[in-house]
Amino acid sequence: MAMNVAQKLITSHLVSGEPTPGSEIGLRVDHTLTQDATGTMVMLELEAMGLDRARTELSTQYVDHNLLQADERNAEDHAFLHSACRRFGLWYSKAGNGVSHPTHMQRFGRPGLTMAGSDSHTCAAGCLGMLAVGVGGVEVAMAIAGEPLYLTMPEIWGVELTGELPPWVSAKDVILEMLRRHDVEGGVNRIIEYHGPGLAHLSAMDRHVIANMGAELGATTTVFPADDAVRTFLRAEEREDDFTELLADEDATYDVHDHIDLAALVPLVAKPTSPGNVVPVSEVAGTEIGQAVIGSSANPGLRDFAIAAAMVRGRQSSDAVSFDVNPSSRQIFEDLTKTGATFDLLGAGARLHQTGCLGCIGMGQAPAQGTNSLRTFPRNFPGRSGTPDDSVFLCSPETAAASALTGTITDPRTWAEKYGIDYPALDLPTLHSVNTSMLVAPLPPAEAAKVELVKTPNISSLPDFEGLPDEVELPLALKVGDNLSTDEISPAGAAALPFRSNIPELAKFTFRPADPSYAERAASLGDHAVVGGENYGQGSSREHAAITPRYLGLRMVVAKSYARIHWQNLANFGVLALEFADPGDYDALGRGDTLALDGLHEKLRTGRDLHARVGDRTIRLRHRLSPRQVDMVLTGGVIPVLRREIQGS
């Protein structure tokens with residue numbers, strides 16, 4: 001039987017289930033990726049499980065999010081992560097070495113492997129022909145402990161690319177076009193696989209840009225073939241021996257089809273406050289901006305910085321604009337400097353920051369209120385920048401550079417035509433500045449076993465959660481609308497992020513952007529429920545968005561539909577995720593109602609439908625949990641289940 005790339009990756013790693021869309025499958029995991037905003041919890045979960053040592057081929061902990069050290073807390077998290085890597089046998093990437101996704105691609109990524117990452121943009125590694133899936137931290141902890149990664153088998157969405165990108169249009173515009181067509185729910189329960197002759201004109205790092213923001217489409221992951229572009233990239237990284245060709249069979253088929261003519265694309269921009277709110281740049285041209293930022297895992301390549309440098313060379317950015325550049329890895333920063341591009345950016349008034357995520361996660365670079373910020377980032381959810389009522393636009397490096405010069409959102413084609421400028425021909429190095437000095441290798445097992453975890457008062461142990469009772473009466477503490485993001489459940493930003501390893505303190509921020517009174521109200525109510533609309537919990541993989549509401553008493557969420565990762569995270573921590581059988585019942589519920597259900601244990605184990613009493617009414621609900629997930633919810637989450645398995649092995 002002919003197979004596409006995604007099918008080859010799945011079948012070669014399948015350990016349980018049948019790869020039929022909608023059924024649960026278990027996959028062997030080769031690599032894991034954690035970063036410091038989610039990794040602290042993963043390490044606490046490994047401690048709670050009683051793990052002796054990582055059982056994967058390779059696991060790496062990156063420090064790229066909580067880089068601002070306004071007080072001691074972020075630095076203490078980094079010291080804890082360093083000690084945990086030494087204890088459990090993980091690689092440790094020091095602060096300043098780079099954003100996890102491009103850095104892993106440079107140093108460790110390899111065609112044909114699987115990877116589970118506690119970051120939703122883990123899917124970026126699909127650019128190398130990997131099956132890389134963003135999941136909750138506890139699922140990464142399970143993978144580190146040698147457990148399979150369990151997924152609902154997705155459909156495979158084949159997107160054929162033809163033609164070649166025209167001048168002033170780049171890879172960011174490809175994924176923005178996908179979002180323009182399909183919005184933030186278009187990829188739910190799908191793996192996106194790009195194929196076709198247009199691939200020949202996209203480098204491996206171009207593909208990273210596209211694969212990265214598959215997360216914004218809600219996709220399980222994105223895959224590209226491992227072809228000559230991947231070989232060229234690995235050769236530049238002095239790792240050509242790691243190349244293995246991985247192509248779709250000639251007569252491979254797909255469950256869903258789409259086509260993009262690259263030559264027909266134009267510069268695009270996502271308007272506030274959704275990555276799916278995409279229009280041509282020309283439609284918003286002339287909008288004043290106060291900030292233009294280039295960087296992040298959504299535009300991490302040397303080309304992305306070099307094209308901006310070439311555009312601003314010998315020019316000065318607008319005096320009304322903060323022009324910020326966040327190099328994505330130490331290696332790329334080195335090459336940018338060797339080519340002279342760093343000095344072109346500095347000469348144009350750019351502010352060069354340390355290598356890391358920074359403003360992408362709201363860790364600094366918050367824009368002024370009432371101004372527009374133009375960013376090459378992947379997300380523009382409300383308040384994610386760290387500024388309440390922010391106004392963030394997402395775009396390509398070409399659009400960001402042109403706009404930084406003019407002070408208004410500018411179509412780079414219009415800017416080039418006005419000044420008679422040809423699209424720059426970049427002379428990029430064929431061999432990259434390989435830098436391994438900031439990667440700390442795992443200790444030998446005997447030495448690792450002696451390491452004590454470095455824990456300060458801001459690093460709390462993982463709470464123990466009780467199982468779900470057979471009968472519940474839950475007051476409705478909060479009702480939210482469609483596309484609520486995990487940023488709105490557990491905020492990012494410089495105020496909240498330092499408490500990522502301190503659940504009692506972090507819980508105080510829960511739902512703050514959606515309802516500042518929730519945390520205090522929930523604590524007084526005790527066990528309670530929340531009601532949501534479509535695509536509840538979209539965005540980041542942060543499991544804190546399940547843990548902190550559960551800590552405050554959340555036992556059940558009822559929504560029209562869920563984003564994949566958050567739905568899994570709720571089950572992982574014993575929160576029952578139900579859906580309306582009739583979406584119209586959403587309108588009939590309001591804060592203060594009480595949802596009563598009984599006989600839950602038997603009903604969850606034997607069927608899909610449940611009935612909740614709300615006053616004198618009854619509404620029909622349903623669940624999509626597998627038997628494994630039902631057991632987790634009834635037990636109080638996955639940690640107690642795994643603890644028994646590991647300690648009994």
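Helices α6 (residues 171-182) and α7 (residues 204-212) pack against each other at an angle of about 25 degrees, and their axes lie 8 Å apart. Angles under 35 degrees count as roughly parallel, so that is how α6 and α7 run relative to each other. Keep in mind that you're looking at a predicted model. Its chain averages a pLDDT of 96.

**How α6 and α7 meet**

- Two packed helices are described by the angle between their axes and the distance between the axes.
- As for handedness, α6 passes α7 in a right-handed crossing.
- On the α6 side, the contact is made by Ala171, Lys172, Val174 and Ile175. Across from them in α7 sit Asp206, Val209 and Ile210.
- Sort the residues of this α6 and α7 contact by class and you get five nonpolar, two charged and no polar.

**α7 and its other partner, α4**

- Helix α4 (residues 100-107) also pairs up with α7: their axes come within 12 Å and cross at roughly 140 degrees.
- That angle makes α4 oblique to α7.
- The crossing of α4 and α7 is right-handed.
- From α4, the residues involved are His101, Pro102 and Met105. They meet Ala204, Met205, His208 and Asn212 in α7.
- The contact of α4 with α7 holds four nonpolar residues, three polar ones and no charged ones.

- Four strands make up an open sheet, lined up as β11-β10-β9-β12, and the pairing is parallel.
- The edges belong to β11 (221-223) and β12 (256-261). Each has a single partner strand, so one side of each is left without a neighbour in the sheet.
- From one strand to the next, the twist averages 20 degrees.
- Helix α6 packs on this sheet and touches β9 (155-162), β10 and β12. The direction of α6 makes about 130 degrees with that of β12.
- Strand β10 (residues 190-195) is joined to β11 by three bridges, and the two run parallel.
- If you want to find that pairing on screen, look for Glu193, whose bridge partner in β11 is Val223.

- Another open sheet has three strands in the order β1-β2-β8, with antiparallel pairing.
- Here β1 (14-16) and β8 (149-152) are the edge strands, and each pairs on one side only.
- Neighbouring strands in this sheet are turned by 45 degrees against each other on average, direction ignored.
- Two bridges link β1 to strand β2 (residues 24-27), and those strands run antiparallel.
- Ser16 has Gly26 as its bridge partner in β2.
- Helix α1 (residues 5-13) lies across β1 and β2, and runs at about 55 degrees to β1.

**Another helix pair: α10 and α13**

- The axes of α10 (residues 302-312) and α13 (residues 397-406) come within 9 Å and cross at roughly 30 degrees.
- That makes α10 roughly parallel to α13.
- The crossing, in which α10 passes α13, is right-handed.
- α10 brings Arg303, Asp304, Ile307, Ala308, Met311 and Val312 to the contact. The α13 side answers with Pro397, Glu398, Ala401, Ala402 and Leu405.
- By class, the α10 and α13 contact has eight nonpolar, three charged and no polar residues.

- Most residues other than glycine have a negative phi, and most peptide bonds are trans.
- Asp183 isn't a glycine, yet its phi is positive, at about 65 degrees. You'll find Asp183 in the loop between α6 and β10.
- The peptide bond from Pro272 to Thr273 is cis, with omega near -5 degrees. Thr273 belongs to the loop between β13 and β14 (278-280).

- Confidence is highest in strand β13 (residues 268-270), with a mean of 99. The lowest is in helix α23 (residues 638-648), where the mean is 70.
- Where pLDDT is low, the predicted coordinates should not be read in detail.

Conventions. Residues numbered from 1 in each chain as written. Predicted model: local features only at pLDDT ≥ 70, side-chain atom pairs only at ≥ 80, totals over all residues. Heavy atoms only, no water. Pairing = 2+ DSSP bridges. Axes fitted to C-alpha atoms, helices over the stretch in contact; angles between N-to-C directions. Contact = heavy atoms within 4.5 Å. Parallel < 35°, antiparallel > 145°, perpendicular 65-115°, else oblique. Left-handed = near helix turned anticlockwise from the far one by under 90°. Nonpolar A, V, L, I, M, F, W, Y, C, P; charged D, E, K, R; others polar. pLDDT = per-residue confidence, 0-100.
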